[in-house]
Each structure stands twice: as structure tokens, then as C-alpha cells.
Amino acid sequence: KKYEISDLKVDFEKTMKSFCHTMEAFPWEDKWAYAMWCAQTFYYVSHSTRLLALAATRCDLSQNALHRRCLNHVAEEKGHENLSLNDIKAVDHKLEDLPELTETQLFYQNQYYWLDRQGTPAFFGYLLMLEGGGVHACGDAYKRVVKAHGEKAAMFLKVHSEEDVDHLQKAFDQIETFKVEDLISIKKNMEQSCEMYSGFLNRIAGEVRARAKKSA
């Protein structure tokens, strides 16, 4: 049986369910943990426009609609990393005190491989993970951050849980136009991306637990 779009949607829901559990377990109320999350977000989002621009160059001349979509998406994502910088300031931290984690580097660096070796359709696994995470998991995180740190500290979460929700459906609409053989690569990239994103969440959460144990 060929792997089809309906199979991808089932796997997407399964992956998102697991991812939501990881997001729920994250200590959003801890000021340092939240600042670290904002910093990791800044580090990977800084690559978004570059990855999308690269995705546009990987489209051949028969993929003009996909090429234009990637270029349009570059404009939409321009400057989004600055939302995270403002959130960091709102919780009284500085980016230079919040190092980029290895798990974060692996998260976005992996996309340069997928684009170089598998092409633009495979990159949509990363987009599904990000857009899906925004729709399925960021709403709850946003409410918890606002309650703990205030509205001004939650602008990135607000934009990606409330204002960009149509991006997920647009991604699936585009995937509908891809060849069936591209869907396996999309699935693998989606699952890898969730695993790596969960990696830096768990790394930060583990540090919070270690600090609490040490102080106790």
C-alpha cells in the first residue's frame, strides 16, 4: 500500500499529540526556563527566511507555484525572530546570557540537509511541525506565560497561536499537490523535527529540575 496524504494526516495527529504532552510538561512559569525557550526560538527562527529562500531556489521551473509560495513566505516571516528578543527583555533577561543549545542547532541545521538532498517538498515536514505546534500547543503555553509573566512577555506565542493559524491548512493544501513519493520524506522530517524540538525543551526542563534539587 502506498503512503498517501490521508496517512500523513494520521501520522501528523499522532506526532502532535505526543508533542503537546512535551509542551504541557515544560515549566513555562519559571522565568529562566521561559527566557531560555525564547532564546532558542530566536536562534532557530533567525534561519527561517534563509531556509525558505533556499527552498525557493530548490524548485525547478515546473514548480513555479511552489517557488512563489516560498518567496511569499519569506516576506511573511521577516523579522519574526525579533518578537522573541522583546519577550526576553520583558522577563528581564539578555540574549547574550542565554546560550544556543546543541539540540537547537540540530533542529534547524537538519533542514539544510533535507533541502540539499531531498528538495523543497521534504522541507514541508519541518513546516508542518512548526505550524502544527503553533496551532495545537502554543495556545495553552500562551495562557500560562501571560498568567505568569504578563502579556508583553508573550508576543511570539500570541502571533503563532492566534494570528498564523491559517498557515497549517495552507501547508497541507500545498502538500496535496506533491508526488506521493515525497510524502515519506515529509513524514520523516516532521517526526525528526518534533524529536529535536522536544530535545531542547527537555534539556531546559531538566536544568530547572536540577537547580531545584540542588537548592533543596
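This is a predicted model: local features need pLDDT of at least 70, side-chain atom pairs count only at pLDDT 80 or more; totals for chains, interfaces and linings use all residues.
**Helix packing around α7**

User: At what angle do α7 and helix α10 (residues 166–175) pack?
Analyst: Helices here are DSSP runs of H or I with at least four residues, and strands are E runs of at least two, numbered from the N terminus. Axes are lines fitted to C-alpha atoms, for helices over the stretch in contact, and angles run from 0 to 180 degrees between N-to-C directions. The axes of α7 and α10 lie 8 Å apart, and the packing angle is about 150 degrees.

User: Are α7 and α10 roughly parallel or roughly antiparallel?
Analyst: Angles under 35 degrees count as roughly parallel, over 145 as roughly antiparallel, 65 to 115 as roughly perpendicular and the rest as oblique. The angle here is about 150 degrees. The two helices are therefore roughly antiparallel.

User: Which residues of α10 make the contact with α7?
Analyst: Contact means heavy atoms within 4.5 Å. From α7 come F124, L128, E131, G132, V135 and H136. From α10 come H167, L168, A171, F172, Q174 and I175.

User: How many nonpolar residues does that contact of α7 with α10 have?
Analyst: Ala, Val, Leu, Ile, Met, Phe, Trp, Tyr, Cys and Pro count as nonpolar, Asp, Glu, Lys and Arg as charged, and the others, Gly among them, as polar. On that basis the contact has four polar residues and one charged. The nonpolar count is seven.

User: Is the crossing of α7 and α11 left-handed or right-handed?
Analyst: Helix α7 (residues 120–136) and α11 pack at about 40 degrees, with axes 7 Å apart. That makes α7 oblique to α11. A crossing is left-handed if the near helix is turned anticlockwise from the far one by less than a right angle, and right-handed if clockwise. The crossing of α7 past α11 is right-handed.

User: Into which classes do the residues of the contact of α7 with α11 divide?
Analyst: On the α7 side the contact uses P121, A122, F123, F124, G125, Y126, L128 and M129. On the α11 side it uses D182, S185, I186, N189, M190, S193, C194 and Y197. The residues divide into 11 nonpolar, four polar and one charged.

User: Which residues of α7 make the contact with α4?
Analyst: Helix α4 (residues 64–77) packs on α7 at about 40 degrees, with the axes 13 Å apart. The two are therefore oblique to each other, and their crossing is left-handed. L66, R69, C70 and H73 of α4 meet, on the α7 side, T120, F124, L127 and E131.

User: What is the relative accessible area of E191?
Analyst: E191 lies in helix α11 (residues 182–215). E191 is partly exposed, at 31%.

User: In which loop does D92 lie?
Analyst: D92 has phi near 60 degrees, a positive value in a residue other than glycine. At 63% relative accessibility, D92 is exposed. D92 lies in the loop between α5 (81–90) and α6 (102–117).

User: What is the radius of gyration of the protein chain?
Analyst: The chain has 11 helices and zero strands. The globule rule, 2.2 Å times the number of residues to the power 0.38, is set against a radius of gyration taken over C-alpha atoms. For 216 residues the rule gives 17 Å, so the chain is as compact as a globular protein of that length, with a radius of gyration close to that value, at 17 Å.

How values were computed. Residues are numbered from 1 along each chain as its sequence is written. Side-chain values use heavy atoms; hydrogens and water are left out. Buried means under 20% relative accessible area, exposed over 50%, partly exposed in between (1.4 Å probe, protein chains only).
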